[in-house]
Amino acid sequence: MGNDGQVTWKYGKQKEKEEVEALRFGIRNGLTLIDTAEEYGNGGAEKIVGQAIHGIRNDVFLVTKVSAKNYSYKGVLRAAEASL
């Protein structure tokens with residue numbers, strides 16, 4: 001895997017079907033790293049990513065970030081669990 005990936009910081013707000021398809025298109029074409037965060041789209045981006053990688057989770061490298069409100073040991077664990 002190279003440095004090629006997809007960023008979802010504008011996802012999860014309005015165009016669910018198009019966003020899922022865009023991610024799947026990227027994956028099919030080698031963009032197997034997906035970068036997201038619990039705050040992108042007020043949590044909607046992670047939901048879009050979940051739909052896009054359903055059934056192919058082992059084919060992607062998934063990166064997510066924890067928001068500042070969860071910067072504690074227990075907060076990070078809760079946020080990571082919620083992201084899954």
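Asn42 lies in the loop between β2 and α2 (44-53), where helices (H or I, at least four residues) and strands (E, at least two) are DSSP runs, numbered from the N terminus. In this predicted model, local features need pLDDT of at least 70 and side-chain atom pairs count only at pLDDT 80 or more, whereas totals for chains, interfaces and linings use all residues. Residues are numbered from 1 along each chain as its sequence is written, and side-chain values use heavy atoms, with hydrogens and water left out. Although Asn42 is not a glycine, its phi is positive, at about 55°. Asn42 is also exposed, with a relative accessible area of 80%; by the convention adopted, buried means under 20% relative accessible area, exposed over 50%, and partly exposed in between (1.4 Å probe, protein chains only).

The protein has three helices and three strands, which follow the pattern β-α-β-α-β-α along the sequence. The radius of gyration of the protein is 13 Å, close to the 12 Å that the globule rule gives for 84 residues, so the protein is as compact as a globular protein of that length; the radius is taken over C-alpha atoms, and the rule is 2.2 Å times the number of residues to the power 0.38. The C-alpha trace spans about 35 × 30 × 20 Å along the principal axes of the protein.

The three strands form an open sheet in the order β1-β2-β3, with parallel pairing, two strands being paired if DSSP finds at least two bridges between them. The edge strands, each of which pairs on one side only, are β1 (5-7) and β3 (61-63). From one strand to the next, the twist averages 15°. Strand β1 is joined by three bridges to β2 (residues 33-35), and these two strands run parallel; Gly5 stands opposite Leu33 in β2. Helix α1 (residues 16-28) packs on the sheet, touching β1 and β2, and its direction makes about 165° with that of β1. Axes here are lines fitted to C-alpha atoms, for helices over the stretch in contact, and angles run from 0 to 180 degrees between N-to-C directions, while contact means heavy atoms within 4.5 Å.

Of the contacts in the protein with a separation of 6 or more, 71% are accounted for by residues 24 or more positions apart. Buried residues make up 33% of the 84 residues.
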